[in-house]
Amino acid sequence: MGQSSGIGVLDKAVGVLRAAAVAPCGLSELVERTGLARATAHRLAVGLEVHRLLERDPDGRWRPGPALAEMAHGHHDPLLTAAEEVLPTLRDLTGESVQLYRREGDSRVCVAAAEPASGLRDTVPVGVRLPLTAGSGAKVLMAWSEDPTAFDPDLLAEIRRRGWAQSVAEREKGVASVSAPVRGPDGSVVAAVSVSGPVDRIGRKPGSRWANDLLAAARALEKALA
């Protein structure tokens, strides 16, 4: 486990980071390299993953995450900086939960969020990983992907044509959402911005209600990347 700081949980977490830095590893390999109990190694790895200090490769193995490089090089992320202003504005306009997702491997990760102060919310904590197989955010990220195998090609073509996607009770029962792509300077889709909330409140066609505002928010985010 290396040097001891006298803070047990910190030393164990650092041991997990070092083990994953040697080579991508699954849980069994992580236990073997760290000497930690299986449950402890898993809990620490998942926690480090939430904070993007670890991430999973396409085979599901842990490896060092992007936050390590960002901190080491003083990385300034203009998209996340812009999200601090754009997402609350969209939240206040819609009265609903707003999220920003990026694709990492075979998952989408919530990298920023803004929640209404009160009322029934669709809370998605920052750092949560969700599958690319359900939900409007997943549809957007997959529509412009080179490997869009999770959805029907005709559906993805329609999303590309109209510029946004919606979903009803796909990721979670009783929740609807609408999402739009955020493009980088080269035109590639680098993120998806979403509005989500209870179906009973935002309806079964949230795109007809929020798509224009969502597209405006996406353009505002893109300006920060230009």
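Where is the place of Glu-104? In this predicted model, Glu-104 belongs to strand 3, which covers residues 97–104. Glu-104 is buried, because its relative accessible area of 11% falls under the 20% limit. Beyond its neighbours within four places in sequence, Glu-104 is in contact with Arg-52, Glu-55, Pro-66, Val-109 and Arg-129.

From here you can follow a network of salt bridges that links Glu-104 with Glu-49, Arg-52, Arg-56 and Arg-129. One of the pairs to look at is Glu-49 with Arg-56, whose closest N and O atoms are 3.2 Å apart. Glu-49 is buried at 6% relative accessible area, whereas Arg-56 is partly exposed at 26%.

The whole structure holds 11 salt bridges. Among them, Arg-201 and Glu-96 meet at 2.7 Å, N to O. This pair links distant parts of the chain, with Arg-201 in helix 8 and Glu-96 in the loop between helix 5 and strand 3, 105 residues apart. Glu-96 is buried, at 4%, while Arg-201 is partly exposed, at 35%.

Now find Glu-170 and Lys-139, a salt bridge with its closest N and O atoms 2.8 Å apart. Glu-170 lies in the loop between strand 6 and strand 7 and Lys-139 in helix 6, so the pair ties together parts 31 residues apart in sequence.

Finally, turn to the rings. The count of aromatic pairs is zero, but the charged end of Arg-108 sits over the ring of Tyr-101, 4.6 Å from its centre. The charged end of Arg-162 sits over the ring of Trp-164, at 4.2 Å from the centre.

How values were computed:
Residues numbered from 1 in each chain as written. Predicted model: local features only at pLDDT ≥ 70, side-chain atom pairs only at ≥ 80, totals over all residues. Heavy atoms only, no water. Helix = DSSP H or I, 4+ residues; strand = E, 2+ residues; numbered from the N terminus. Buried < 20%, exposed > 50% of the residue type's maximum accessible area, 1.4 Å probe, protein only. Contact = heavy atoms within 4.5 Å. Phe/Tyr/Trp six-rings, centres within 6.5 Å; stacked < 30°, edge-to-face > 60°. Lys NZ or Arg CZ within 6 Å of the ring centre and 35° of its normal. Salt bridge = Lys/Arg side-chain N within 4 Å of Asp/Glu carboxyl O.
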